[in-house]
Amino acid sequence: MCKLVATALFLVFFTGVKAQDKILPAEAKSFLLHGYEMLDYVTGDLNGDKKTDAILILKIPGEDTATEDVKRPLLILIRQVNGKLKQEKRNDDVIMCRQCGGVFGDPYEGTEITGNGITINFYGGSSWRWGYTYKFAYKTAKRNWYLINEKQISYHNTEPEINVKEVEIPEAELGEIPFEKFNVNPPYEEAKWQVTAVKTFFYENPKLGSKPRKGYLLKGNKASQIRILKNFVELSFENGNGQFTAGFVLKKDIEKLE
């Protein structure tokens, strides 16, 4: 039963399909970087001009046996007026590495081009499973793609039906992140925050006006930073019994300790 539930959750959360036996067309072979080969190749209209563009994702040969994290460049190729493809953007930090999925294997699940945008899916873990979906949309006025949505899912593989955690972060909290600046594994900043309000609640999803969880922190409580958003900070709090609580807290209720 648990295995069936886990599979259902996976299918609902992800809509991409792993790259399998794809062939790189001749017109895209000139974009292969030295020392790399194709990991995935996806076509579609990326900027709303009714032309077929492409996304080329690269990997090094033999990355399965690599002993360290190796970059997987993603190239956005835009169809020009003359009918040829031209590299418009490149990001070496948008695709998780082969070893980043844990014992579950390669975390890369696929890339889609839908609605002049890009959706990238990842899934991994071991007994504790996790998944991420990142969606980028093309903004005509700025002639670039920006991160507009991030979805997360996690659950323990033995009891997925009661341990599922889903988080969705909208563009309003993510801020303006252009495609080429996005990093799927941003540098971790160790920091402590202290509660300044009388009481502040944890939120499952960082969205103003949403309903908070029952858990809360009191004035003077200190917690460790996980991630900073526009109006929220994701924190991890350890109580006197060594138990941890994590979630999003309103930034206006806390202050960063120097």
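Guide: We'll start with the whole chain and then pick out a few spots. One caution: this is a predicted model.

Visitor: Fine. What does the secondary structure of the protein chain come to?
Guide: Three helices and 16 strands.

Visitor: And what box do the C-alpha atoms fill?
Guide: Roughly 65 × 45 × 35 Å, taken along the principal axes.

Visitor: What share of the residues is buried?
Guide: Buried residues make up 43% of the 258 in the protein chain.

Visitor: What about the accessible surface? How much is there?
Guide: About 14,200 Å² for the protein chain. Carbon and sulfur atoms account for 51% of that surface.

Visitor: Back to the inside. Which residues of the largest nonpolar core touch the most other members?
Guide: Leu74, Ile120, Phe122, Phe136 and Trp145. That core has 33 residues. Its largest share comes from β7, which gives four residues.

Visitor: Let's do strands. Is β2 mostly covered or mostly open?
Guide: Mostly covered. Strand β2 spans residues 53-59, and six of its seven residues are buried.

Visitor: Which strands does β2 pair with?
Guide: One is β1, residues 37-44, in the antiparallel sense over seven bridges. Another is β3, residues 74-79, also antiparallel, over four bridges.

Visitor: Where do side chains point in a strand, anyway?
Guide: In a regular strand, they alternate between the two faces of the sheet.

Visitor: Okay, new topic. How many disulfides are there?
Guide: The count comes to one. Cys97 and Cys100 form that disulfide, with their sulfur atoms 2.1 Å apart.

Visitor: Why is the disulfide called right-handed?
Guide: Because the torsion about the S-S bond of Cys97 and Cys100 is about 100°.

Visitor: Are those cysteines buried or exposed?
Guide: Cys97 is buried, at 5% relative accessible area. Cys100 is partly exposed, at 26%.

Visitor: Now Asn91. Where is that?
Guide: Asn91 is found in strand β4, residues 85-91. Asn91 is buried, with a relative accessible area of 2%.

Visitor: Which backbone nitrogens lie by the side chain of Asn91?
Guide: The nitrogen of Asp93 lies 2.6 Å from a polar atom of that side chain. The nitrogen of Val94 lies 3.2 Å from a polar atom of the Asn91 side chain.

Visitor: What else does Asn91 touch?
Guide: Leave out residues up to four places away in sequence. Then Asn91 touches Arg72, Pro73, Leu74, Phe179, Glu180, Lys181 and Phe182.

Visitor: What about Lys199? Which strand is that in?
Guide: Strand β11, residues 199-201. Lys199 is partly exposed, with a relative accessible area of 39%.

Visitor: And which residues is Lys199 in contact with?
Guide: Setting aside neighbours within four places in sequence, Tyr216, Leu217, Leu218 and Asp253. Gly220 is 21 residues from Lys199 along the chain, and their C-alpha atoms are separated by 9.5 Å.

Visitor: What do contacts along the whole chain look like?
Guide: Take contacts between residues at least 6 apart in sequence. Of those in the protein chain, 51% join residues at least 24 apart.

Visitor: Which loop is Arg143 in?
Guide: The loop between β7 (128-139) and β8 (144-156).

Visitor: Does Arg143 count as buried or exposed?
Guide: Exposed, at 58% relative accessibility. The cut-off for exposed is over 50%, so Arg143 passes it.

Note on methods
Residues numbered from 1 in each chain as written. Predicted model: local features only at pLDDT ≥ 70, side-chain atom pairs only at ≥ 80, totals over all residues. Heavy atoms only, no water. Disulfide = S-S within 2.5 Å. Buried < 20%, exposed > 50% of the residue type's maximum accessible area, 1.4 Å probe, protein only. Helix = DSSP H or I, 4+ residues; strand = E, 2+ residues; numbered from the N terminus. Contact = heavy atoms within 4.5 Å. Pairing = 2+ DSSP bridges. Polar contact = N/O pair within 3.5 Å; in protein donor to acceptor, adjacent residues only side chain to side chain. Areas by Shrake-Rupley, 256 points an atom, 1.4 Å probe, with all protein chains shown as cover. Core = buried A, V, L, I, M, F, W, Y, C linked by side-chain atoms within 4.5 Å.
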